[in-house]
Amino acid sequence: METAADGRPKMGLGTRAILLVEKVTKEPLWDCRMCGQCILHSTGLRCPMTCPKNLRNGPCGGVLQNGNCEVEPDRTCTWVTAWKRSRRLPLWRDHMEHVNPPVDWRLEGTSSYINFATRRDKRVPDGWRASKERAMTERGARS
Amino acid sequence: MGVHPPGFITGGYNSRLEALLRAGEFVVTAELQAQDGGDPEAVRADAAGLVGYVDAANCTDNSAAHAHLSAIAAGHLAADAGLEPIVQFTCRDRNRIALQSDLLGAAALGGRNVLLLTGDDVSAGDHPETRAIFDIDSLHLMRIARTMRDEGTYLSGRKLSSPPSIFIGAAENPFAPPHHVRAPRLAKKVDAGAEFAQLQLCFNVPRLRIFMEELGELGVLDRCFVLVSVYIARSVRGIRYMRDVVPGIDVPDEVMARFDAVADAPRERQTQEGIAFALETIAAVREIPGIRGVHLISINGQAEIRRVVERAGLLPRPIAAV
């Protein structure tokens with residue numbers, strides 16, 4: 001799929017149709033916030049963008065002793081739910097350990113299905129890629 | 001692998017704190033009082049009072065979402081007074097551009113240690129109506145800091161003229177749910193670039209033991225220096241505040257009962273109990289394999305910090321060759 005000059009996916013009629021399907025299914029099912037770069041497989045199918053701090057890599061240190069969110073104390077922490085559900089998943093269990101890259105905010109409101117199909121959601125800044133390679137080498141070095 | 005994490009390419013030490021940890025010393029850090037004014041002397045005086053008692057001191061970044069004198073400025077002033085700073089960064093108030101800019105600024109002004117955090121939400125502070133940023137999370141920031149130092153580039157890939165010399169730290173809270181996630185999460189942070197960790201306040205030593213065992217099994221203790229925070233309560237009210245108001249703090253009932261027993265005693269007796277508890281906690285955590293230092297926190301209690309360091313037998317502080 002083509003992308004506009006500013007890196008945002010183009011919004012043709014077909015794209016809008018897919019977006020509509022995605023919105024009406026994912027929003028009620030996963031409380032999806034349409035970040036456009038879905039990582040539900042590494043969060044036990046709990047949308048990480050429901051976390052008030054937008055955490056993509058696990059719970060913050062402020063989770064209350066009852067497992068509720070410190071910002072919204074009347075509900076369970078997004079990551080407490082994510083952890084519990086990930087244990088019940090038949091696959092992707094170890095995807096909880098993935099280091100998820102920073103959010104590309106240009107994709108907010110676009111279709112993650114299309115971004116997945118075109119691999120647009122895999123695009124990361126050059127510096128992120130370089131450091132990932134270094135981290136992999138280190139991991140390899142110690143095992 | 002020993003105690004030397006890989007990926008250290010600058011040849012020397014980034015900071016005094018790093019030199020001490022790599023030399024195998026049991027380190028002591030403390031938290032400086034955040035200042036609500038523009039007087040440099042206030043920071044210098046606070047820092048000067050800890051010189052010789054702690055190896056480095058944390059400069060908080062608008063803690064609990066309350067504005068204070070900036071952490072980078074405080075770190076610079078502390079260094080001025082002869083105390084090495086650990087400059088804290090949260091992701092709450094700045095996007096990735098500002099954070100990278102400030103990492104360079106901190107390093108240029110003597111902030112050789114950085115502690116990279118997500119940060120409390122704005123709802124915890126006195127400006128709850130403001131917009132929280134949370135563009136990236138703390139783990140992203142660790143990898144970005146490590147990229148800047150070791151790859152010599154910004155996140156974008158654009159080259160730096162000189163990489164910042166910084167020792168990179170993370171926080172973790174072993175005492176908050178979901179407990180099983182805590183050790184793997186610190187492992188993730190170490191993979192992302194953290195070289196030392198300061199854990200949340202410990203009132204629950206058995207829970208800390210389990211966490212440290214898990215870290216050992218994950219191979220994290222060979223790659224990360226772990227310090228645990230110890231609270232020096234100056235009053236029973238102070239410890240109740242920690243339990244009831246600060247999110248993520250676990251004060252077990254038996255610990256609270258011990259303080260409740262002196263709740264009606266004079267203030268000095270309450271402080272005495274706080275100091276005794278801190279000393280017992282320090283003695284207990286020193287026995288746990290992998291604990292490489294303590295981080296002391298006492299609200300407006302600099303004299304108490306000095307007393308605890310002295311009575312815990314942690315004086316004199318070692319001299320670091322950087």
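B:Leu208 is found in helix α7 of chain B, which spans residues 205–217. In this predicted model, B:Leu208 has a relative accessible area of 0% and is therefore buried. Leaving aside neighbours within four places in sequence, the residues in contact with B:Leu208 are B:Pro174, B:Phe175, B:Leu199, B:Cys202, B:Val228, B:Val285, B:Ile288 and B:Ile291. Between B:Leu208 and B:Asn14 the C-alpha to C-alpha distance is 29 Å, and the two are 194 residues apart in sequence.

A:Lys26 lies in helix α1 (residues 13–30) of chain A. Its relative accessibility is 6%, under the 20% limit, so A:Lys26 counts as buried. The side chain of A:Lys26 makes a polar contact with the side chain of A:Ser112, at 2.9 Å. A:Ser112 is also one of the residues in contact with A:Lys26 when neighbours within four places in sequence are set aside; the others are A:Asp31, A:Cys32, A:Cys38, A:Leu40 and A:Tyr113.

Confidence was then considered for chain A. The average pLDDT of chain A is 87, and 91% of the residues score at least 70. Within chain A, helix α3 (residues 112–117) has the highest confidence, at 93, whereas helix α4 (residues 126–142) has the lowest, at a mean of 73. Where pLDDT is low, predicted coordinates should not be read in detail.

The two chains meet in an interface in which 41 residues of chain A are in contact with 43 residues of chain B. About 3500 Å² is buried between chain B and chain A, with carbon and sulfur atoms giving 56% of this area. On the chain B side, the residues that lose the most area to chain A are B:His140, B:Arg143 and B:Lys188, which together account for 18% of what that side buries. Across the interface, zero salt bridges are found by the rule applied, while 19 residue pairs are in polar contact, both residues being at pLDDT 80 or more.

Helix α2 of chain A (residues 78–88) has as its buried residues A:Thr78, A:Trp79, A:Val80, A:Thr81, A:Ala82, A:Trp83 and A:Ser86. The buried residues of α2(A) pack against α6 (179–192) of chain B.

Conventions: Residues are numbered from 1 along each chain as its sequence is written. Chains are lettered from A and ligands numbered from 1 in the order in which they are written. Side-chain values use heavy atoms; hydrogens and water are left out. Buried means under 20% relative accessible area, exposed over 50%, partly exposed in between (1.4 Å probe, protein chains only). Helices (H or I, at least four residues) and strands (E, at least two) are DSSP runs, numbered from the N terminus. Contact means heavy atoms within 4.5 Å. pLDDT is the predictor's confidence in each residue, from 0 to 100. Buried area is the accessible area (1.4 Å probe) that two parts lose on being put together, summed over both. A salt bridge is a side-chain nitrogen of Lys or Arg within 4 Å of a carboxyl oxygen of Asp or Glu. A polar contact is a pair of N or O atoms within 3.5 Å; within protein, one must be able to donate a hydrogen and the other to accept it, and residues adjacent in sequence count only if both atoms are side-chain atoms.
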